[in-house]
Amino acid sequence: MTERIIIAGSGGQGVMLLGKLLAEAGMRENRFVTWLPSYGAEVRGGTSHCMVIVSDEPIGSPYIEKADTLIVMNQPSLKKFRQRLTAKGLLIINSSLVSSKSLKNAKTLKRPFTDIAIKIGNIKVANTVALGAYLARRNIANLKTIEQVIVDRGSKAHKHLIRINQQALQEGVRLG
Amino acid sequence: MTKVFSRPKSLRDVSTHYCPGCGHGIVHKLIAEVVDELGIRELAIGVAPVGCAVVAYDYWDFDCSEAAHGRALAVATGIKRVRPQNIVFTYQGDGDLAAIGTAETLHAANRGENLTVIFINNAVYGMTGGQMAPTTLLGQKTATTPGGRQARLEGWPLKISEMLREFSGVKFIERTSLYAPQEIIKTKKAIKQALQNQIDHTGFSLVEILSPCPTYLGLSPVQALDWIRDVMQKEFPLGRIK
Amino acid sequence: MTGNEAMAEGAIQAGCTFYAGYPITPQNEIPAYMARRMPEAGGIFIQAESELAAINMVFGAAAAGVRALTSSSSPGISLKQEGISYLAGAELPAVIINVMRGGPGLGNIWPAQSDYFQATRGGGHGDYRSIVLAPASVQEAYELAGEAFDLADQYRMPVIILGDGMLGQMMEPILVQSSKFKVQRNKLRTANSQLRTKPWALTGCKGRKPHVIKSFFLKEGDLEKFNLVLQKKYNSIKQKVQRYEGLFLDKAQAVVVAYGTMSRIAKSAVSHLRKGGQRIGLLRPITLWPFPLAAFQRFKRSSRNVKFLVVEMSYGQMLEDVKLALDGRFPVEFLGRSGGGIPTEEEISKALRKLSHD
């Protein structure tokens, strides 16, 4: 099993964190993982993306030319990355912010991650909602592992953030 | 209808990459307005820094050159010495002018080069991710002073403008800021004077502008301006230094 | 952790107690990590005013007998060349990390392998060499960063770790505290215990004749004599320090030669084509200086014809060393992209297929 995931959104949407959660979960489940950010001089706005590979075999290049799954959190990212998905790949779209004409991909999941996040109380957990939806479709890592990663990464001062992320994850799974 | 205001000719009609609330956009515009008002667009040659404004030459519509990090005043010296009829200015951040470029800055000033320097002081290294700058305040947290700047380890905020005051070759230094419309107007006046000095062969002129970097101050754009007004200018007093 | 952080941590675990650096993308994680971690480990962190100042601070710390490190990326490494030449000339141990990016000039911030010449051919002035190590994974970056200090101390010379933006920025799981090098405690080792291993260091001449650290030999004949000492050292290193990784080299009809992250991409291409039955091997130099000639000596003129493909994120720098090593015995082709362009697995596969058809 080798899964190549590109996650793209605007700066501030937690795209990098989403990738790191996946990578760390994969690592805890004793898989080979790599995480590669797009790093740039621009700090806010524009597109930000990371590439995550989770595999049962040692990983060659961390750079993904064609992804198995593409998670798109904002409109410019769809335009920028739609060519980077394999023909049979899974396309996950944040329908709250992305309008998509019908795409040739067989598997497309359009869900309102940002709206759900706002509904449960914090727009910044849209990425976690997306994560839940993705895991419901592709069981790359156990939900329990992801939850543990969220708990371990959160600090005592931010217990409420841990809770809301757990909630976001569950909402996402429901949407998947 | 009479047109009373428009985009300066010297400012290209493009979007910039700067963060919301950044001071670069304002100062780029002021420079463009002044260049237009002085009628020097076809004489102007700008030297860009290495920093967030590394691509300033994409935003101005007159001749520009890059310079290696910190070397803008050496590059500008080269240009001005061979083409004294042009109006040559550098646009530099605190790292460019007062860290890696300190020697070039001091010596261009000491030689009394007939140049104009626009010094953007935002107390942090923006482009590379928020590291300490020479002008970072004591106690200020940055990527390389995670516990806050300590005088014992990192020294004090560097007052390069005050240092340059002593140089006979330096003819004009003013520190201004952008935290309110009146301050922006003062900044424009200072920029205009600094460029006029070059036209009049008065000598080395520098404008230090206290500018907001909301992203690495961890503040909203408005809070960043307030921080300059309430905190930064206490360390870097505004006004005419020379 | 990221490759950048892994190298920083590897250095700390090897007893590095002095770091001086300056911000430049894509290695900013190193000074940021060191700003936090060095004081924890009882060492010194300084953000210098420039890369030039930083290498000279390292010169000072090294002269005082301490394990010292600086890091930068291509344009900043160019600034350090004078300092590196001085380190070599004064026979001071130090480690320099270069997280390569596209050039020349300000270039861009994407990965490249365009500083191979600069690292292995000197870069600075004079007849000197630096040991150059090229990690290809975050784990290896962590380990080599530590070993670099051992090599630097053993041979009293600069050691360069040549990474690139991709290696620096990517994250992979690593095993810390591997058995490959000793784990130091998180305390500053007492000045005496560190310096005891460096009898030539500047520590104040109490109870001994004064030491002088210099690279200046004005008297006639002295500099030549000194250079012969350096050459003897370098020849010894060439015998003893070569390192490489060879995969599927037995019976290979074609061999890809690549280092660093380029070798990972090449490995993917090679594995893929091997599944289709092609006999392709991979040769990955780990020391770029001394270049692993031993790896190429196994390919003798009498053996079957083997074709070599060198793949770099450059326009042909390691290529020259490969050609020298093969000495005309076998054909060498080249695939390279630079300025931030990265040869893809597809491009490599295509080049290999073409190679086997020609």
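**Notebook: chains A, B and C of a predicted complex**

I began with the helix pair, where α1(C) passes α6(C) in a right-handed crossing. By the convention I use, a crossing is right-handed if the near helix is turned clockwise from the far one by less than a right angle, and left-handed if anticlockwise. Helices here are DSSP runs of H or I with at least four residues, strands are runs of E with at least two, and both are numbered from the N terminus.

This is a predicted model, in which local features need pLDDT of at least 70 and side-chain atom pairs count only at pLDDT 80 or more, while totals for chains, interfaces and linings use all residues. Residues are numbered from 1 along each chain as its sequence is written, and chains are lettered from A and ligands numbered from 1 in the order in which they are written.

**Entry: the helix pair in chain C**

I looked up the geometry next. Helix α1 of chain C covers residues 3–13 and helix α6 of chain C residues 138–155; they pack at an angle of about 35 degrees, with axes 7 Å apart. The axes are lines fitted to C-alpha atoms over the stretch in contact, and angles run from 0 to 180 degrees between N-to-C directions. From α1(C), the contact residues are G3(C), A6(C), M7(C), E9(C), G10(C), A11(C) and Q13(C). From α6(C), I noted V138(C), A141(C), Y142(C), E143(C), A145(C), G146(C) and F149(C). Contact means C-beta atoms, placed from the backbone, within 7 Å. By class, the contact has eight nonpolar, four polar and two charged residues. The classes are: Ala, Val, Leu, Ile, Met, Phe, Trp, Tyr, Cys and Pro nonpolar; Asp, Glu, Lys and Arg charged; the others, Gly among them, polar.

**Entry: confidence**

How far does the predictor trust chain C? Its average pLDDT is 91, and 94% of the residues score at least 70; pLDDT is the predictor's confidence in each residue, from 0 to 100. Residues 179–196 of chain C have a pLDDT below 50, and this stretch has 24 contacts in the model beyond near neighbours in sequence. Where pLDDT is low, the predicted coordinates should not be read in detail. For the complex, the predictor gives an ipTM of 0.87 and a pTM of 0.90.

**Entry: where the chains meet**

I then checked chain C against chain A: 16 residues of chain C are in contact with 14 residues of chain A. On chain C's side, α7 (165–169) and α10 (261–275) each supply at least two residues. α10(C) gives the most, with four residues. That side of chain C has eight nonpolar, four polar and four charged residues.

For the other pair, 15 residues of chain B are in contact with twelve residues of chain C. The side of chain B that touches chain C has seven nonpolar, seven polar and one charged residues.

**Entry: chain A as a whole**

I find six helices and six strands in chain A, running β-α-β-β-β-α-β-β-α-α-α-α from the N terminus. The radius of gyration of chain A is 15 Å, close to the 16 Å that the globule rule gives for 176 residues, so chain A is as compact as a globular protein of that length. The radius is taken over C-alpha atoms, and the rule is 2.2 Å times the number of residues to the power 0.38. Along the principal axes, the C-alpha atoms of chain A fill a box of roughly 40 × 35 × 35 Å. Of its 176 residues, 47% count as buried, which takes 20 or more other C-beta atoms within 10 Å of a residue's own; 12 or fewer make it exposed, anything in between partly exposed, with C-beta atoms placed from the backbone.

Most residues other than glycine have a negative phi, and most peptide bonds are trans. I looked for departures.

- A cis peptide bond joins G103(C) and P104(C), with omega about 0 degrees; P104(C) lies in the loop between β4 (94–100) and α5 (116–120).
- W289(C) and P290(C) are also joined by a cis peptide bond, omega about 0 degrees; P290(C) is in the loop between β10 (287–289) and α11 (293–297).
- F248(C), not a glycine, has a positive phi of about 55 degrees. F248(C) is partly exposed, with 17 other C-beta atoms within 10 Å.
- D327(C) has a positive phi near 50 degrees. D327(C) is exposed, with 11 other C-beta atoms within 10 Å.

Terms used
Two residues are in contact if their C-beta atoms, placed from the backbone, lie within 7 Å.
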